[in-house]
Amino acid sequence: MCERSYVQQAQFFLNAFWLEHKGQAEEVWEATQGFKDLDLKGDAGCRLDEFYSHKFLESFGETMTVIELRKKLREIDVNLDGQMSLIEYLINKFNRSVPDLMSRPQGTNEELAKAQLALEEVQKQIKHIESEKARLEAESKGTGVKAKTVSLEFFSELMFIFRLLENCSSCSTRILWR
Ligand SMILES: [Ca+2]
């Protein structure tokens, strides 16, 4: 059973520590993606077992021996369930503590909310562009006025996306373009 998805755990962490760690939002989203990639349940998962925790720590840190990995996991695993949730990993990585996390207000962060809205808008636009791309490409292969109009349409959609990205300093391009 999952109380919070990986994305919700990342949001919870960033909400709590936005002032201190907004400059590392990119790293938080990369770790989020790393958990989702390794979890067989993908988006529906919320913690990695010992085997995948080790795999994650290996790919996101320096190479460690099995003993060092076990030690690191014990250090990260604050609720002692033998598994590593994203929030446990983030608390450890950024030298925070659970009491520290829980003492912070949630949901009052306008800047983060704006960044998330912009991210959703960009993702919507990318989906739209992807579905339109084939049609536009086919049409722009022709000649004459219609082909030129289609290319301009495509160009203005791209410019729209770039403008959104400019307003979304914490958006991860890796997540955006996957
Ligand atoms: Ca745990």
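A crossing of two helices is right-handed if the near helix is turned clockwise from the far one by less than a right angle. The close-up views below are taken from a predicted model.

**View 1. Helices α3 and α4 cross in a right-handed sense.** The axes of α3 and α4 come within 10 Å and cross at roughly 140°. Angles over 145 degrees count as roughly antiparallel and 65 to 115 as roughly perpendicular, with the rest, apart from those under 35, as oblique; α3 and α4 are therefore oblique to each other. On the α3 side, the contact involves Ala31, Gly34, Phe35 and Leu38, which meet Tyr52, Lys55, Phe56, Ser59 and Phe60 of α4. By class, the residues of this contact comprise six nonpolar, two polar and one charged.

**View 2. The buried residues of helix α4 line one face of the helix.** Helix α4 spans residues 50–60, and its buried residues are Ser53, Phe56 and Leu57. The face of α4 turned away from the buried side carries Phe51, Glu58 and Ser59, which are exposed. Of the residues named here, Phe56 is buried and also takes part in the contact with α3, while Ser59 is exposed and likewise belongs to that contact.

**View 3. Valine 28 is a buried residue of helix α3.** Helix α3 covers residues 25–38. Valine 28 counts as buried because 24 C-beta neighbours lie inside 10 Å, the threshold being 20 or more. Leaving aside neighbours within four places in sequence, valine 28 is in contact with Ala10, Phe13, Leu14 and Leu90. Valine 28 and leucine 86 are separated by 58 residues in sequence, yet their C-alpha atoms are 9.3 Å apart in space.

**View 4. Helices α1 and α6 pack at an angle of about 35°.** Helix α1 consists of residues 6–16 and helix α6 of residues 86–93, and their axes are 9 Å apart. The crossing of α1 and α6 is right-handed. Helix α1 contributes Tyr6, Gln9, Ala10, Phe12 and Phe13 to the contact, and helix α6 contributes Leu86, Ile87 and Leu90. Seven of the residues in the contact of α1 with α6 are nonpolar, one is polar and none is charged.

Terms used:
Residues are numbered from 1 along each chain as its sequence is written. This is a predicted model: local features need pLDDT of at least 70, side-chain atom pairs count only at pLDDT 80 or more; totals for chains, interfaces and linings use all residues. Helices (H or I, at least four residues) and strands (E, at least two) are DSSP runs, numbered from the N terminus. A residue is buried if 20 or more other C-beta atoms lie within 10 Å of its own, exposed if 12 or fewer, and partly exposed in between; C-beta atoms are placed from the backbone. Two residues are in contact if their C-beta atoms, placed from the backbone, lie within 7 Å. The arc is that of the directions from the helix axis to the C-beta atoms. Axes are lines fitted to C-alpha atoms, for helices over the stretch in contact, and angles run from 0 to 180 degrees between N-to-C directions. Ala, Val, Leu, Ile, Met, Phe, Trp, Tyr, Cys and Pro count as nonpolar, Asp, Glu, Lys and Arg as charged, and the others, Gly among them, as polar.
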